[in-house]
Amino acid sequence: MTTWSPVEMARSLGGGLLSFPVTHFDADGAFVEDAYRAHCAWMLEHELTGLFAAGGTGEFFSLTPAEVITVVAAAVAEANGKLPVISGCGYGTAIATEIAQGAEKAGADGLLLLPPYLVGSSQEGLAAHVEKVCRSTGLGVIVYNRDNAVVNDETLARLCERNPNLVGFKDGVGDIELMTRIFARMGDRLTYIGGLPTAETFATPYLTMGVTTYSSAIFNFMPEWALDFYRAVRAGNQAEVMAQLKAFVLPYIALRNRGRGYAVSIVKAGMRVVGRDAGPVRTPLTDLTAAEHDELRALVEGVSAKSVAHAA
């Protein structure tokens, strides 16, 4: 059973940094639950306000609906009510509602509704999709605006009027005008989450628009760094934010952009760099090359060395 109401869940998420754990696979691509649970437990040793299981970084798109529920149940067991667990949810409406109901039974506290598979749609079609998912469950729902599923401010307002459990909005588009219109119209009716990859790059400008939190994939392998960066953003420490963007984030993005699908692959590479191997990505994604892996190691070690020197 969920331990957080939709409103409580949304408020919790808006108060700090969010974690999107990778999903652990063995060499044959099978889910490794013990390793995944150990990783969630390690992440939960740090200051977080939400755990997003089987999200984009968790390779939701490569999991079967049954696997999504298995992964979510494992995260719920580790969280043990200490913070909300949000399940990835998506594909077509029938599959999305099935996942929503399964996640609720598994003890999730909310849903991150990712874009439907492949197809484009009208605002009316997107609204019907979102509403059917909302009405299939008592969980709080966060709509993820991205790619082929971009609801506008008018559509979102109508959905919020009709569905009280629609409590969050995650932006993966980067349309500043649209984001401004949404915030101006909805205000504190929603919790707003930054969802552009890599989210740290956009954290400061988004904060000025009321987006108080974001999904940090980097947290998977550099949690202390991720939290320090988040605190600098919230404190308005622009000098520190820019220093860390130059030292790590921008070189990291340049490496990520070397290959298609590397937004997930580079996170699993980071896990290997810090000695917490989560296994390979599932196809059709591919892992970083050995040379790229070495470049990432140098980046991570460089930031770690500077952090130690600064602490001393």
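The structure is a predicted model, in which local features need pLDDT of at least 70 and side-chain atom pairs count only at pLDDT 80 or more, while totals for chains, interfaces and linings use all residues. Residues are numbered from 1 along each chain as its sequence is written, and side-chain values use heavy atoms, with hydrogens and water left out.

The protein has 12 helices and 8 strands, taken as DSSP runs (helices H or I of at least four residues, strands E of at least two) and numbered from the N terminus. Its radius of gyration is 18 Å, close to the 20 Å from the globule rule for 312 residues, so the protein is as compact as a globular protein of that length; the radius is taken over C-alpha atoms, and the rule is 2.2 Å times the number of residues to the power 0.38. The C-alpha trace spans about 55 × 45 × 35 Å along its principal axes. Among contacts with a separation of 6 or more, 72% join residues 24 or more positions apart, a contact being heavy atoms within 4.5 Å.

Of the 312 residues, 55% count as buried, where buried means under 20% relative accessible area, exposed over 50% and partly exposed in between (1.4 Å probe, protein chains only). The largest nonpolar core holds 106 residues, and L166 and W225 are among those with the most contacts inside it; such a core is a set of buried Ala, Val, Leu, Ile, Met, Phe, Trp, Tyr and Cys residues joined through side-chain atoms within 4.5 Å. Leaving aside residues up to four places away in sequence, L166 touches V130, C134, V141, V143, L156, L159, C160, R189 and L190.

| Peptide bond | Omega | Loop |
|---|---|---|
| P197 to T198, cis | near -15 degrees | T198: between strand 7 (191-194) and helix 8 (203-207) |
| T283 to P284, cis | near 15 degrees | P284: between helix 11 (262-273) and helix 12 (290-311) |

A54 has a phi of about 55 degrees and lies in the loop between strand 2 (50-53) and helix 3 (65-79); at 0% relative accessibility, A54 counts as buried. For Y91, phi is near 75 degrees, and the residue sits in the loop between strand 3 (85-89) and helix 4 (93-105). Y91 is buried, with a relative accessible area of 18%.
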